[in-house]
Amino acid sequence: MADDDSVTTPVVNDRDPAAVSGGDTVTEEMKLLGMAVKELHVHAVRDLMNQENFVHSQGHDKVNAKFLYIPVLKEEKGESRYCCLLTAFKNFYFTYGGMDHFHVLQVCVRCIFRLFNIQEGIYALVSPTTLHSIIGKETQVEAMATKSSEETEDVKILHSSQGSEKSSVCSVCLGALQFSYCDERDVLVEKDHAEGFAMTLAKGVKEQRHEISSFSLEVSLPTLITENEEVIVSFMKKKYASEVWFQEKFSSDHISVKDALKLSITHSLEILLGVKCGASDFRIRLTYEHLDAKSAENKVGQNQCNKRLKSGAEVSSSHISEGNGLVKCSNGTTQSGCVSDLNCQLRKVNQPCRMTLLCSRAPIYIGGRYLKFSRNVSQTRWIIDDERKGEASVEELIGGNILPICNGDGYKFHAAGREDIDVRMLGSGRPFLIEIQNSRHVPCETSIKEMEKKINSLESNLVRLKHLKALGIQGWSLMREGEAEKQKQYAALVWISRPIKEDDLQAVSSFKDLKVLQRTPVRVLHRRSPLEREKIIHWMKIEEIAGSSQYFLLHLCTQAGTYIKEFVHGDLGRTHPSIGSILGCRAEILQLDVTDVKMDILNE
């Protein structure tokens with residue numbers, strides 16, 4: 001089955017399992033069993049039960065032969081498929097189970113149904129207690145009818161296996177489909193039903209106080225699950241590939257542990273959380289980790305390395321060492337069909353996985369334009385040698401006030417370019433985005449307006465916001481795409497070493513789309529690569545200041561990324577042409593303001 005979130009959810013009893021009596025639970029599970037076997041081929045199951053090799057190969061023909069033929073000849077009644085399913089389960093259970101192997105291989109009931117390719121979800125919704133009680137009851141009836149001492153002994157073994165089923169960790173799913181796991185405090189948690197497990201998950205989700213309208217379910221499992229399953233399936237293929245029942249049930253792909261787990265709990269989670277599962281920005285992620293599997297893998301790798309060093313032997317080219325204790329033939333099958341070899345190749349575990357529940361929301365983006373009125377406020381937090389530069393930062397003034405309202409874990413500040421700490425941002429303002437990580441509250445339009453009002457009313461009056469609104473991820477993309485193409489307008493207070501002339505005004509304003517070559521400025525050379533960049537000055541004009549002959553305001557529109565300060569004074573010849581070279585005198589910039597950033601990402 002494909003590894004995706006689109007899994008079919010069966011319709012099950014929606015009642016709280018804690019409120020259902022034991023008898024009612026069994027009745028509901030009987031109905032689920034009936035639903036599960038509607039597409040089960042009776043003849044395929046009979047073929048499975050009639051294979052004497054399947055029985056004799058395990059050395060228990062006398063015992064299992066009695067169970068193979070009990071209630072299957074009732075096709076004229078409506079119970080034939082149901083009886084076949086139970087008998088098939090008994091056959092598989094005894095073959096790998098109480099007699100020799102099942103308690104050694106430790107394959108859980110749900111994985112047995114899963115490997116038989118029963119995809120209605122019954123393997124995960126019906127409790128193993130119910131299955132064992134059904135099998136135990138029929139076995140007791142059979143034993144009383146025959147009064148065979150051997151069969152009575154088998155009933156005792158079956159009952160022993162029933163008692164240990166809950167405590168034995170499945171060697172395939174590592175407890176995931178048994179709904180058994182260790183929590184973050186390493187406390188063992190065991191649930192008999194998918195509903196019970198879903199209730200625990202729903203409680204954990206609600207405790208984190210997320211506002212959700214939908215959710216997506218993600219599951220991460222150890223690779224050991226896939227490895228052990230491949231060993232068992234490979235063994236079955238090698239031993240029973242010629243059997244009819246095997247060709248019908250094992251030849252096709254069966255549902256994975258991951259998808260089986262999703263299928264088991266999705267419907268219950270939808271009911272408990274009151275929202276639907278699907279594509280969503282809110283994720284519920286279950287991460288299963290197994291420490292024993294990791295330590296065993298390390299130990300196996302060390303042992304194999306030591307053996308090679310001691311013997312000097314090389315691995316044969318006809319086999320592939322997986323690095324996990326398994327040796328497979330070049331065609332991907334195990335070397336032997338012997339159950340004892342299979343048992344050796346399975347990597348056993350003594351405790352279930354540690355399960356971690358993580359709830360997270362994809363980042364939400366709130367954007368607008370900011371104005372900065374101070375020449376002692378940096379755009380982002382600026383710390384040098386543990387000393388703060390400036391009295392505040394735009395990032396902190398905006399993000400620090402939005403984050404508590406969204407109740408997120410953190411935030412990131414993104415802006416369309418940046419100005420120096422001593423440069424004001426005026427006019428239309430600079431476009432910016434605040435990325436709120438794992439926001440538990442998704443603000444509405446009214447709430448966002450309140451954010452803007454709160455920041456604009458700060459007593460410090462260092463920054464002001466305009467056009468604040470919620471944006472999708474497309475806002476981030478538009479900002480990155482438009483950053484290189486945007487134009488900026490500036491107003492610079494300039495001093496020159498001689499009085500300004502009328503010809504100077506005309507000379508400066510005559511330039512249109514002037515190309516300027518700028519080498520990396522000396523002031524940033526310690527943190528920027530030494531490159532030469534070509535930038536464009538789209539237009540310029542000089543505004544005279546009354547009563548001053550050597551001071552003027554330079555208004556200009558430039559390509560994004562132009563170093564304005566260096567364009568004025570020339571940076572020791574590293575920027576050419578410059579205002580100084582155009583006017584033929586020394587020029588210095590005293591103050592600089594950004595008056596416009598021509599970039600529309602907010603549909604203003």
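How many salt bridges does a search of the whole structure find? The search finds 22, where a salt bridge is a side-chain nitrogen of Lys or Arg within 4 Å of a carboxyl oxygen of Asp or Glu.

1. Basis of the note. This is a predicted model, in which local features need pLDDT of at least 70 and side-chain atom pairs count only at pLDDT 80 or more, while totals for chains, interfaces and linings use all residues. Residues are numbered from 1 along each chain as its sequence is written, and side-chain values use heavy atoms, with hydrogens and water left out.

2. Asp-420 and Arg-523. These two side chains meet in a salt bridge with an N to O distance of 3.4 Å. The pair links distant parts of the chain, 103 residues apart, since Asp-420 sits in the loop between β14 (410–415) and β15 (424–437) and Arg-523 in the loop between β18 (512–519) and β19 (532–544); helices (H or I, at least four residues) and strands (E, at least two) are DSSP runs, numbered from the N terminus. Asp-420 is partly exposed, at 28% relative accessible area, and Arg-523 is partly exposed as well, at 36% (buried means under 20% relative accessible area, exposed over 50%, partly exposed in between, with a 1.4 Å probe and protein chains only).

3. Glu-566 and Arg-523. Arg-523 also forms a salt bridge with Glu-566, whose closest N and O atoms are 2.6 Å apart. Because Glu-566 lies in helix α21 (residues 564–569) and Arg-523 in the loop between β18 and β19, this pair ties together parts that are 43 residues apart in sequence. Glu-566 is buried, with a relative accessible area of 2%.

4. The network. Asp-420, Asp-422, Arg-523, Lys-565 and Glu-566 are linked in a network of salt bridges.

5. Glu-588 and Arg-586. A further salt bridge joins Glu-588 to Arg-586, with the closest N and O atoms 3.3 Å apart. Glu-588 is partly exposed at 26% relative accessibility, whereas Arg-586 is exposed at 52%.

6. Helix α18. The 12 residues of α18 (residues 445–456) should span 16 Å at 1.5 Å a residue, and the end C-alpha atoms are 17 Å apart, which agrees; the expected span is 1.5 Å times one less than the number of residues. Ser-447, Ile-448, Met-451, Glu-452, Ile-455 and Asn-456 are buried in this helix, and the buried residues of α18 pack against β9 (364–372), α17 (394–406) and β16 (463–471), contact meaning heavy atoms within 4.5 Å.
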